[in-house]
Amino acid sequence: MRQRLVIGVTGGSTNVEGFVRGGINELYFKAVEATGNTPIMLPIIQDANSIAQMVSLCDGLILTGGVDIHPRYYGEEILKECGDFDCFRDTFEWHLLEAVKKQNKPILGICRGIQMLNVFFGGTLYQDLGLNPNFLLMHHQKGSRGYGSHWIDIKEGSFLHAIFGSKAFVNSYHHQAIKEVAPHFKVTAQSRDGVIEGIEHMTLPVWGVQFHPEMMFENDEGCRHLFEHFSIKVKEHATCITTSEEQ
Ligand code: MN
């Protein structure tokens, strides 16, 4: 097995004067690099076989933050409250998750990433937090992205509990959130107004967080620990597969 794990980081895109450029916040790469592992960015493409090949090159993956997922993926009409979406990114990530599931690779979803995991596995989203009158906290903080803005309470025995303990003070840059949790997932964290901020699959190596630990990892021990803990899980998984292939 490789000493340094290869962690695939899904890309986003921006349209600059008609030219679409692939890229993603470099803090994702820095956070992976800080764990002693190697990040590679996976660009948005459409060919399912090439996407599956990308996944096969990775020991683990990070599904990154970005624009909204088109609500047709969870069987809803698009409401006026929904934000920007990107059909090419939706298709790319859908093929990517099919490959991740088939190849049983560990994956960490962040922000849009937790939402995509939930939708892919059969859950739904609030198209806007304003659609639930209980959601009163500020989930789209207006400054200091590297610092927390609201508390989350964390379930004992979860992936997140092993990192933060029973609560954490996290940042928040989202206007959507999980509504119905996908089958075979459990909620691992919630904000104090009831927004789902963490999920994990009951049997697969699949975890998600609604906050942005990559923005906080340089000044928050817990968020640094989150990437370390993820890489330990990826390593355990890779070792387990290597061992069973050797037998
Ligand atoms: Mn939040």
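Modeller: A residue is called buried at under 20% relative accessible area, exposed at over 50% and partly exposed in between, with a 1.4 Å probe and protein chains only. The model is predicted, so local features need pLDDT of at least 70 and side-chain atom pairs 80 or more, while totals for chains, interfaces and linings use all residues. Residues are numbered from 1 along each chain as its sequence is written, and side-chain values use heavy atoms, without hydrogens and water.

Biologist: Why is Ser172 called buried?

Modeller: Its relative accessible area is 0%, and the limit is under 20%. Glu197 is also buried, at 0%.

Biologist: What makes Ser172 and Glu197 donor residues of the manganese ion?

Modeller: Donors are N, O and S atoms within 2.8 Å of the metal (3.2 Å for Na, K and Ca); water is not among the atoms, so sites may look incomplete. His139 (ND1), His150 (NE2), Ser172 (OG), His174 (NE2) and Glu197 (OE) lie 2.2 to 2.3 Å from the manganese ion, and therefore meet that limit. Ser172 lies in the loop between strands E9 (167-170) and E10 (177-178) and Glu197 in strand E12 (residues 196-201), so the pair ties together parts 25 residues apart in sequence.

Biologist: How do you know that the span of helix H3 agrees with expectation?

Modeller: Helices (H or I, at least four residues) and strands (E, at least two) are DSSP runs, numbered from the N terminus. The expected span is 1.5 Å times one less than the number of residues. For the 17 residues of H3 (residues 87-103) that gives 24 Å, and the end C-alpha atoms are 24 Å apart, so the two agree.
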